[in-house]
Amino acid sequence: MKNLRLPIFLGTMMMGLAFAEGPEFSAADTAWMLVATGLVLLMTPALAFFYGGMVRSKNALNTMMMSFSALGFVAVAWALLGYTLALSGDGNFIGDLRYMFLNNVGMENKGAIAEITIPHMLWMIFQGTFAIITAALVSGAVVERMRFPAFLLFITLWGLFVYAPIAKWVWGGGFLADLGAWDFAGGTVVHINSGIAAVVAALVLGARKDFGRQAILPHNVPFVLLGAALLWFGWFGFNAGSAWAASATAGLALTNTILAPAATIVVWSLIDLMRTGRVTAVGLATAIVVGLVVITPAAAFVSPFFALVMGAIGAFPSYYVLLWRAKSGMDDSLDVFAAHGVGGITGAILTGVFAQESVNGLFNGLIGGNPAQVLIQAFAVLIAVVYSGAMTFVLLKLVGAITPLKVPVKEEGVGLDITQHGEEAYTSGEGAILVKSEAPMPVARPKPVGGTD
Amino acid sequence: MKLIVAIVRTEKLNDVLEALFKAEVRGISISRVQGHGGETERVETYRGTTVKMELSEKVRLEIGVSDHFVEPTVRAILAGARTGEVGDGKIFVLPVEKVYRIRTGEEDTAAVTPVS
């Protein structure tokens, strides 16, 4: 049997189910997964606030729109093609087309690649919310300079040809699953994947014109904190929902999803204190996300105590990569790599260290006497890094051949809200004159300025 | 003494300040203003409401200088603020009758000379 990442197997065994037809439909599981799906979907607007607060006010809408548009473009691509590429068939590398256009995706708890106790359709859309947030995460590397149409084309293709194959390898019974690499809720598929894609995207696009020349400060730090809070809330669906059941496994995952970021906050704050004498708000918001990323692959595989340990250890690599990145020439503007790439790698490796069969019923890590697991985890990381990096490069070159990737320098100066969207985040409306028709205005001059009309 | 008043693009403010500091001009006040200077209108749309933005955000700099500092100051602003497009702004040089430094009571040229 394929080694699917299935905490469900555990539940099935415990129920003493000996029939071959698979588990029965569960109303309780369905109820929880309905909520969990909504929670994961909320993470994408949350990310819009997290990222939107970190850019300059003239690019606030553009940055938030990058996440919000993933809710449309990536979701549609997932339903039409992505789902079947990621989670169908016996292939080791890519799914077949049996669920294309959502054919054969029904309301019963049968027909999916995994054994589930919830409607197949609900499982499909729960998985879809992961594809959406992953593509949206990449946007943090290209903010304040990428042309919006090029971005839309890029994330749509990226969701299909980078996200879906890696999801297949890890969760769809592909070769990484066969190898015995474990990823509970998406450390490799979601976070390493988006973190590496971010590095490549930042390098292919090049830096913003002001990068390294002027201080580029966050325009709304409360937005950043709000975004981090909503991400955390949504992450309960992301991690505890990855049990696919209202089960003890879900309870463990949720507990760990609170404890690991808590430990990261403490350690991050202490590093901040010792380095600079001050604990920063943007730093704390970042720590929450790093802690969440680190625990994601291990959420239901480690005990709550080791979740605390993972969160604490996880603060260090991301903190120091952040410091290095700001001084380097790489304009990964919102540090997707430091938070998600580095945090994801740390989490994936530490999963191989702290997993205990006594906790998860599935496999042991280093402390359980299985040091080989660390190497298997590292190998899966390597594969994801290489594939995500290479394919992201190819897709960006392809999109760049169709339409320019970057806005002209002058438009960067004016800001992308006005040049890409024709809107402003914070406008008083003063001096705005109502246009009655869509036809271009006659260029009659001079106009009375400052009138009261 | 002269008072130099310059209206520049917000996105060029950093370049202007950099040029001014290089020219050793240190006494500056800035304010955010809205104005209209003949640049092409921006059209924005909010839920079907299309509007023409007649006023653009600008930054107004005020710099009091002694006579021999006028030229370097103006040159720094010209270099820092220019993009070549309509809407780059204006520089006004105004005569000043009297200047006092509040802290010391110094007058005129002494009052606009930076403390070294």
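## About the model

This is a predicted model, in which local features need pLDDT of at least 70 and side-chain atom pairs count only at pLDDT 80 or more, while totals for chains, interfaces and linings use all residues. Residues are numbered from 1 along each chain as its sequence is written, and chains are lettered from A, with ligands numbered from 1, in the order in which they are written.

Helices (H or I, at least four residues) and strands (E, at least two) are DSSP runs, numbered from the N terminus. Two strands pair if DSSP finds at least two bridges between them.

## The sheet of chain B

Let's start with chain B, where four strands make an open sheet in the order β2-β5-β1-β6, with antiparallel pairing. At its edges lie β2 (29-35) and β6 (89-95) of chain B, each of which pairs on one side only. From one strand to the next, the twist averages 20°. Helix α2 (residues 70-81) of chain B packs on this sheet and touches β1 (2-9), β5 and β6 of chain B; the direction of the helix makes about 0° with that of β1(B). Angles here run from 0 to 180 degrees between N-to-C directions, and axes are lines fitted to C-alpha atoms, for helices over the stretch in contact.

To follow one pairing in detail, look at β2(B) and strand β5 (residues 56-65) of chain B: they run antiparallel and are joined by seven bridges. Here B:I30 has B:L61 in β5(B) as its bridge partner.

## Where chains A and B meet

Between the chains, 18 residues of chain A are in contact with 16 residues of chain B; contact means that the C-beta atoms of two residues, placed from the backbone, lie within 7 Å. On the chain A side, α15 (409-414) and β1 (432-435) are the elements that give two or more residues. The largest share, four residues, comes from β1(A). By class, the chain A side has eight nonpolar, four polar and six charged residues. In this scheme Ala, Val, Leu, Ile, Met, Phe, Trp, Tyr, Cys and Pro are nonpolar, Asp, Glu, Lys and Arg are charged, and the others, Gly among them, are polar.

A strand pairing also links the chains: four bridges join β1(A) to strand β4 (residues 49-53) of chain B, and the two run antiparallel. You can find A:I433 opposite B:K52 in β4(B).

## Two helix pairs in chain A

Helix α10 (residues 281-295) and helix α12 (residues 336-354) of chain A have axes that come within 7 Å and cross at roughly 40°. That makes α10(A) oblique to α12(A); angles under 35 degrees count as roughly parallel, over 145 as roughly antiparallel, 65 to 115 as roughly perpendicular and the rest as oblique. The crossing of α10(A) past α12(A) is right-handed, a term for a near helix turned clockwise from the far one by less than a right angle, with anticlockwise being left-handed. The α10(A) residues in the contact include A:V289, A:V290 and A:V293, and those of α12(A) include A:G343, A:G344 and A:G347. Overall, this contact has six nonpolar, six polar and no charged residues.

For helix α8 (residues 221-240) and helix α9 (residues 248-276) of chain A, the axes come within 8 Å and cross at roughly 140°. This makes α8(A) oblique to α9(A), and the crossing is right-handed. From α8(A), A:W232, A:W235, A:F236, A:N239 and A:A240 meet A:A250, A:A253, A:L254, A:T257 and A:P261 of α9(A). By class there are eight nonpolar, two polar and no charged residues.

## Single residues worth a look

Most residues other than glycine have a negative phi. A:F101, however, has a positive phi near 55°, and lies in the loop between α3 (60-86) and α4 (120-138) of chain A. With 12 other C-beta atoms within 10 Å, A:F101 is exposed. A residue is buried if 20 or more other C-beta atoms lie within 10 Å of its own, exposed if 12 or fewer, and partly exposed in between. B:D108 also has a positive phi, of about 50°; this residue lies in helix α3 (residues 108-112) of chain B and is partly exposed, with 15 other C-beta atoms within 10 Å.

A:A75 sits in helix α3 of chain A and counts as buried, with 20 C-beta neighbours inside 10 Å. Beyond its neighbours within four places in sequence, A:A75 is in contact with A:G128 and A:I132. The C-alpha atoms of A:A75 and A:F130 are separated by 9.6 Å, though these residues are 55 apart along the chain.
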